[in-house]
Amino acid sequence: MNRLKELYKQVTGQEPESVDEMPSSGSNRRYFRLRGPQSLIGVIGTCRQENEAFIYLDKHFEKKGLPVPHVLAVADDGMAYLQTDLGDTLLFAAIEKGRKTHAFSPEEKALLIKTMQLLPDVQFKGAVGMDWSKCYPASQFDVRSIMWDLNYFKYCFLKATGLDFDEARLEDDFQALAQVLMRSQSSTFMYRDFQSRNVMIKDGEPYLIDFQGGRRGPFYYDVASFLWQAKAGFPPSLRQELLGYYIKALRKYKPVDDTYFHEQLRHFVLFRIMQVLGAYGFRGYFEKKPHFMQSVPYAIANLRQLLERDFPEYPYLQKMLWELVNLKQFSDDMQKRRLTVRVMSFAYKKGIPDDASGNGGGYVFDCRAVNNPGKYERYKPFTGLDDNVIKFLEEDGEITTFLDHVYSLVDASVKRYMERGFTNLMVCFGCTGGQHRSVYSAQHLAEHIHKKFNVKVELVHREQNIEQTFEPRAIQPEAQE
């Protein structure tokens, strides 16, 4: 932390006014926003070579006119650096409504099209004059790196499912797949993890981040990574549309045989899905990070759709993958293991609700200290779901302060319950009549938990006889067309 403050002072001439840690990603790097005369992003890495790879690639891409953050200062030990602040909008967040509904707005499509049109520039223009020896952990995509990823899938995901398989026959097909992939080798930059979480949107334009794992390799890989990202939720029709924009942009750099391109891309999609499942298996099964396990059903849905056309080149692998996608644990069992949060509003005079799960735990919050709209005649016919009551409570402000404290407590429990595999948490809000303050509080907490943690939330306004269920998005596989 002190290193970042020193770098900030070196760049701006002043100490930062605040340093706030940003949400972590799948890696072990830590990101901080330092505010003061300028808002800058500080990065602390755990691997000097990885940091050096990012810094080299960033400066190289900048010289090529590609949209990347600008590295402003680097610590003497190479373990920390400062870069320009691109804001908070990931492409993944900018297309959230489309991901949820599988109906992407014109604005969302425009961002995706810009990103796909930018990709060939990164791959071809970005490769010109590059010193590939600066890449980390490998300088190029080769048979060895392919086999690493396939064995990662085999040992970290396939074995973890309990599925039996013939390792020798599977290895034969892995070798066959590697040979098919290697026939597309080219002297282009392969981003490796080109997906919507690694693209920032600033002033309506895409900017590239997290490219430190890039290397020399085939351009098909990045196309597969982006269009078949597990949780992107792209319907097949949109994938094909975006692929068309990519191919058109690609033709600026090389001729394209459409038939060959699409056939070869299928093999990279197959490889990328297995590589991603290997990563999910390691992060989920072994590191016990629930976020990654929640992505598995999406990847399985992508794989199931891909297998609808045969891969005769890999008969045993295809057989095993069909067995994998049909395992019940990716539907029934996964759903049973998910956390359900039950949120209720009630009237104290009718008693505190029982916990039907049998856990006998959770929270009961007393809303009666909050200013009561029910004491005013004009609000008596209404509930905490009605606009006039909501306006009264929010303008008064007491309910907002009250819920800020509630969110802090409940968020910590939800996070911990998810990490430990608990399946039930109950949160109740009581007031005098179970009509105004408790209803408002329960409704807002339910929506907050569902949005923040993407878990199933069962909402019950007991005295109003109203029930609502918020289903987690992660259990909804990609729409099939």
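At 43% relative accessibility, arginine 251 counts as partly exposed (buried is under 20% relative accessible area, exposed over 50%, partly exposed in between, with a 1.4 Å probe and protein chains only). This is a predicted model, where local features need pLDDT of at least 70, side-chain atom pairs count only at pLDDT 80 or more, and totals for chains, interfaces and linings use all residues. Residues are numbered from 1 along each chain as its sequence is written, and side-chain values use heavy atoms, without hydrogens and water.

The structure holds 27 salt bridges. A salt bridge puts a side-chain nitrogen of Lys or Arg within 4 Å of a carboxyl oxygen of Asp or Glu.

| Pair | N to O distance |
|---|---|
| Arginine 48 and glutamate 52 | 2.9 Å |
| Aspartate 258 and arginine 251 | 2.5 Å |
| Arginine 309 and glutamate 263 | 2.8 Å |

Aspartate 258 is partly exposed, at 34%. Arginine 48 and glutamate 52 sit four residues apart in helix H2 (residues 48-63), so about one helical turn separates them. Helices are DSSP runs (H or I, at least four residues), numbered from the N terminus.

Next comes helix H16. Residues 437-453 form H16, which has 17 residues and reaches 24 Å from its first C-alpha to its last, close to the 24 Å expected at 1.5 Å a residue. That expected span is 1.5 Å times one less than the number of residues. In H16, 13 of the 17 residues are buried. Asparagine 454 follows H16, with a positive phi near 55°.

Key
Helix = DSSP H or I, 4+ residues; strand = E, 2+ residues; numbered from the N terminus.
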